[in-house]
Amino acid sequence: MSAYSVAREAINTALSQSDAEGVDAETTLRALLGTITEQYRELKGVSDLKAVLQFELHNASGSEEYEFTRP
């Protein structure tokens, strides 16, 4: 199982549990985002967190194409 599969499963579980408790999806996703940023900051520091968040925000539309060259 990939890290992305694990993350998606965790998010789906959290959304299902919050729905069962009457908590809306937006509130749950914001709580997850806040918790994730706290954990990442503790792991890698503020500058790495900023870089990761800037990358994600820059690519938020989902329609970006990435160039790469094979070694």
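You are looking at a predicted model, in which local features need pLDDT of at least 70, side-chain atom pairs count only at pLDDT 80 or more, and totals for chains, interfaces and linings use all residues. Residues are numbered from 1 along each chain as its sequence is written, and side-chain values use heavy atoms, leaving out hydrogens and water.

Now switch to a cartoon view. The protein chain has 3 helices and 0 strands (DSSP runs numbered from the N terminus: H or I of at least four residues for helices, E of at least two for strands).

Next, select Ser 18, which sits in helix 1 (residues 3-20). Is Ser 18 buried or exposed? With a relative accessible area of 8%, Ser 18 is buried. Leaving aside neighbours within four places in sequence, Ser 18 is in contact with Val 23 and Thr 28 (contact means heavy atoms within 4.5 Å).

For the last stop, select helix 2 (residues 25-44) and helix 3 (residues 46-58). Their axes, lines fitted to C-alpha atoms over the stretch in contact, come within 7 Å and cross at roughly 130°, on a scale from 0 to 180 degrees between N-to-C directions. Show the side chains where they touch: Thr 37, Tyr 40, Arg 41 and Lys 44 in helix 2 meet Val 46, Asp 48, Leu 49, Val 52 and Leu 53 in helix 3.

Conventions. Buried means under 20% relative accessible area, exposed over 50%, partly exposed in between (1.4 Å probe, protein chains only).
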